[in-house]
Protein chains: 2
Amino acid sequence: MTPREPQHLVLRRIPIDTSRENVVFLHADCAVFPALGFRALAKVQLSYDHHTAVGSLDIVRADWLGVGEVGVCEYMFERLGVAEGTNVTLGYPGILNSTNAIRRKLSGARLSRSDFNEIVGDIVADRLSKVELTAFVCACAQNNLDRDEVVDLTLAMTGVGQTLDWGGGMVVDKHCIGGIPGNRTTPVVVPILAAHGLKVPKTSSRAITSPAGTADTMEVFCNVELSIERMKRVVEKEGACLAWGGAIDLSPADDVIISVERPLNIDSQGQMIASILSKKKSAGSTHLLLDIPVGPTAKVRHMELAASLRREFEYVAKHIGLHIEVVISNGEQPIGRGVGPVLEARDIMSVLENNDRAPSDLREHALQLAGRALEFSADVKGGDGYGLAREILRSGRALQKFEAIIEAQGRRDQPIELGAYAFEVKIGGSGRITRMDNFAIARLAKLAGAPLCKGAGVEVLHKLGEEVKEGQPVLRVYSTSPAESALAEGYASSEKGIIECL
Amino acid sequence: MTPREPQHLVLRRIPIDTSRENVVFLHADCAVFPALGFRALAKVQLSYDHHTAVGSLDIVRADWLGVGEVGVCEYMFERLGVAEGTNVTLGYPGILNSTNAIRRKLSGARLSRSDFNEIVGDIVADRLSKVELTAFVCACAQNNLDRDEVVDLTLAMTGVGQTLDWGGGMVVDKHCIGGIPGNRTTPVVVPILAAHGLKVPKTSSRAITSPAGTADTMEVFCNVELSIERMKRVVEKEGACLAWGGAIDLSPADDVIISVERPLNIDSQGQMIASILSKKKSAGSTHLLLDIPVGPTAKVRHMELAASLRREFEYVAKHIGLHIEVVISNGEQPIGRGVGPVLEARDIMSVLENNDRAPSDLREHALQLAGRALEFSADVKGGDGYGLAREILRSGRALQKFEAIIEAQGRRDQPIELGAYAFEVKIGGSGRITRMDNFAIARLAKLAGAPLCKGAGVEVLHKLGEEVKEGQPVLRVYSTSPAESALAEGYASSEKGIIECL
């Protein structure tokens, strides 16, 4: 055998979307194998100059990768910032403190603040593989983080992202843990608060597993993809905004963690608290109103669980210097009439316009929340908030503020139409409606095309307690194409328990 | 918009080795996205005729995948058994009982036998993603399986693989949980037992994380890749074999689980027990001798842990109908002089040939183990095994049996030479050797090229308690190439605590 330098390879970009994982591709006949004995899924370190990056290995036997090349997936390539064709070297990465900490957590140990800092730092630097990230999520999933560990995780996550600075004073935020279709209170609450002079630089998410996020629905009205500078100008002018949070890198660690939690469909209480509060803290909020809906098909199923979750939120918020007010609300059925961006936008406008036909549950819930948040203000006495919120809404000042925010963010030129393909879901029996399945209604709206097709969604025609007769329509499902309509209709006819009556 | 059938796609094989995960590739512009809203890492179901397969989604924007095509990785393609170019459909897979069970385990629930059957069945059918598999491994990792759950997992794993049948009577097996470099007792123990007439159809692994597995070392002498038929002929003729277990599909679930455990470097006690005992049961063994080495750098660090592990092994073995004898042995340093296939083979031959210079620790450990296993035999009284083993070894009957097994399996034509590139590791101080790091010595041997280069490895020149002077060589490291030699030398000079004296 002759001497060799097996680690020298030519960099190639491989256009594969690996969902935020660094993946390195080597040809099966590459010379590094006999020398370094790499296996598929092994972690390897790619070095160039003083830069290094760590990725998981996929082994390829294809003509689109040369024997002397090392491929990196799109995500890794963009973050490497090195041109294709560059000579790079490959080797084993050192053992990370973070992976040791994850192993300790898996075996039941308590982690320290510096452990969480190491883990979150390595998550953000893409030094953990999907498998290691999953192990971290699972190690924390068994309610295995004590309160102080959640505080440390929250602080670690806050430390690695963008931080917004609103120049002092009270900055109000509002959040709902989610799970209730149509529960689109934010576009009503924020204008009410701003009309009273509170500063509410609200960032919202797009749908992760639901048929619409607040950002998806706001996009029916206006541009939501604001740069930080543009967002600041909007807030300076109107006291509030309703922007998409994804355009700002508030919690990069959270984005990576979610990429594993989503396919796994697990919700760890500690990680949920850290995720929400770190984003609020990074967004520069000082006061947070948090909505926890409870119901048999909500994320939180019992009052005791909601009360325990509230205590945890209050503990962590206090220790990271965030004033929090938790509202436990009724989450036993969808809120409002519409589920899906266009339908929800319609509900929001009818509430803001004080329309007689506005869904009363959406209006009431929004007023409850706005009332509690108004009481953050020194000039509002405890108990006076609800009346004040109602007055701001009734007077038209909330609508006026909402329109001003839309103008400032950039109003949409053309309105978006409701989907042209519709069918109705009819009730199987007669009597009073006793059960509405939030999860099934959300799934129906997603199959119908929401949120990607904004005109798709579900209109809820009747609510719990209402009297219905056999064969009466209880849901109307809109799609923008017959194929999606057929998909949703197939689901609706196979799922019998979406709405039940007795 | 016009009606469409977005799920119809043309199958393409993508030559990527994903380490036993089903991965499905779609082009970013593929028509299924707006309709089904797939995201990267989502699980999708591919259907053709009555066949279905589930995989994780990677999204690709490259010219090697068409917009109307669906790519599947090599692993999935081979198991699909459908030709390239076939029209297949894509959709969402149903929710699996197994993933629900994994989520329940993560939240602390006890799983039933049917849960484990579902999980193991889905693992073997490749219906779990890497992320879900990791979640299962982690959910079980916190010593979270009670004894009866381990029994159920073992039975589930036994149920899905090949089972060997040796036609009744006692079938003896021997296993070590590993972690001690050079601890190659099997090729000494098996011939001793076979020489006394015991049936020992031994299958061994190749190295997973170590510098050599028994199969790697045996390959220095002879062919180890035996078909089941060939293995049966060898055992019929000689009463024993020393074959590679990987050629026989004894525990397919275990192979998949290991693909996650290896990069994660975690060892779950319950899974280790289930993995070992399910393989022994599938191999048709009735009696198992199990070696658990204990030491500060061994897998098991304290006697109490070893004792608890022994009790668990005994409980599970009893409940799956396997007779077990556990030996807790000294694992505070490497055993024998050689670490790596050729060096270990040399040690084995010197013991079997009763050479004066044979490493006494390897001979003694092998005799202890063989003695205990001989006592499985009805004609050997308790306490007589060791003396009988020593006699079989001293008489040359063990060597004779070993040579006969080599002949039956197919003796290697050309001997394999020790690597030509060597350097020595010298001791830093003077005194008696007080510590030898098993892990560091194994890593050194691996960097030197073992087990892929069979002539690479580490020769241990001095052992614990021996008197050494500063600058005296304590290890000699062999490689087959200067590059690997340099890699190992770099590690040896940076790691100061490999061997210490006082």
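This is a predicted model: local features need pLDDT of at least 70, side-chain atom pairs count only at pLDDT 80 or more; totals for chains, interfaces and linings use all residues.
Student: What does Leu193(A) touch, leaving aside its neighbours within four places in sequence?

Tutor: Its contacts are Val172(A), Leu198(A), Val200(A), Ala240(A), Ala370(A), Ala373(A) and Leu374(A).

Student: And which residues have the most contacts inside the largest nonpolar core?

Tutor: Leu193(A) and Leu193(B). That core has 260 residues. There is also a second, separate core of 50 residues, and it includes Leu9(B), Ile16(B), Leu26(B) and Val44(B).

Student: Switching to domains, how is chain A divided up?

Tutor: The domain assignment gives domain 1 as 8-91, domain 2 as 97-159, domain 3 as 172-246 + 267-409, and domain 4 as 421-501.

Student: What separates the centres of domain 1 and domain 3 of chain A?

Tutor: Taken over C-alpha atoms, the two centres are 44 Å apart.

Student: Let's look at strands. What does β1(A) pair with, and in which sense?

Tutor: Strand β1 of chain A, residues 8-14, runs antiparallel to β7(A), residues 87-91, with 3 bridges joining them. There, His8(A) is opposite Thr89(A). β1(A) also pairs with β6(A), residues 69-73, in the parallel sense over 5 bridges. In that pairing Val10(A) has Glu69(A) as its bridge partner.

Student: What's the strand order in the open sheet of 4 strands in chain A?

Tutor: The order is β13-β16-β18-β14, with antiparallel pairing. At the edges stand β13 (338-339) and β14 (421-426) of chain A; each has a single partner strand, so one side of each is left without a neighbour in the sheet.

Student: How many bridges hold β14(A) to β18(A)?

Tutor: They pair over 6 bridges in the antiparallel sense, with β18(A) covering residues 473-479. Phe423(A) stands opposite Val477(A) there.

Student: What about the open sheet of 4 strands in chain B, which order does it have?

Tutor: In chain B the order reads β13-β16-β18-β14, and the pairing is antiparallel. The edge strands are β13 (338-339) and β14 (421-426) of chain B, each with a single partner strand, so each has one side without a neighbour in the sheet. β13(B) pairs with β16(B), residues 457-460, over 2 bridges in the antiparallel sense. Val339(B) is placed opposite Val458(B).

Student: Staying in chain B, which residues of β9(B) are on each side?

Tutor: Val200(B), Lys202(B) and Ser204(B) are on one side, with Pro201(B) and Thr203(B) on the other, and all of them are buried. Since 5 of the 5 residues in this strand (200-204) are buried, it is largely enclosed by the rest of the structure.

Student: Which strand do 5 bridges join it to?

Tutor: That's β10(B), residues 240-244, and the two run parallel. Val200(B) is opposite Ala240(B) in this pair.

Student: New topic: where is the kink in α10(B)?

Tutor: The kink is centred on Ile258(B) and is about 30°.

Student: What do the buried residues of α10(B) pack against?

Tutor: From chain A, β4 (43-48) and α5 (130-141); from chain B, α4 (113-124), α5 (130-141), α6 (147-159) and α11 (269-282). The buried residues include Ala253(B), Val256(B), Ile257(B), Val260(B) and Leu264(B). Asp254(B) and Glu261(B) are among them too.

Student: And what follows the helix?

Tutor: Asn265(B) follows α10(B), with a positive phi near 55°.

Student: Last one: is Lys496(B) buried or exposed?

Tutor: Lys496(B) counts as exposed because it has 10 C-beta neighbours inside 10 Å, and the cut-off for exposed is 12 or fewer. Lys496(B) sits in the loop between α18 (482-494) and β19 (499-501) of chain B. Its C-alpha atom is 9.9 Å from that of Ala440(B), 56 residues apart along the chain.

Terms used:
Residues are numbered from 1 along each chain as its sequence is written. Chains are lettered from A and ligands numbered from 1 in the order in which they are written. A nonpolar core is a set of buried Ala, Val, Leu, Ile, Met, Phe, Trp, Tyr and Cys residues joined through C-beta atoms within 7 Å. A residue is buried if 20 or more other C-beta atoms lie within 10 Å of its own, exposed if 12 or fewer, and partly exposed in between; C-beta atoms are placed from the backbone. Two residues are in contact if their C-beta atoms, placed from the backbone, lie within 7 Å. Domain bounds come from an automatic or database domain assignment. The bend at a residue is the angle between axes fitted to the seven residues ending there and the seven starting there. Two strands pair if DSSP finds at least two bridges between them.
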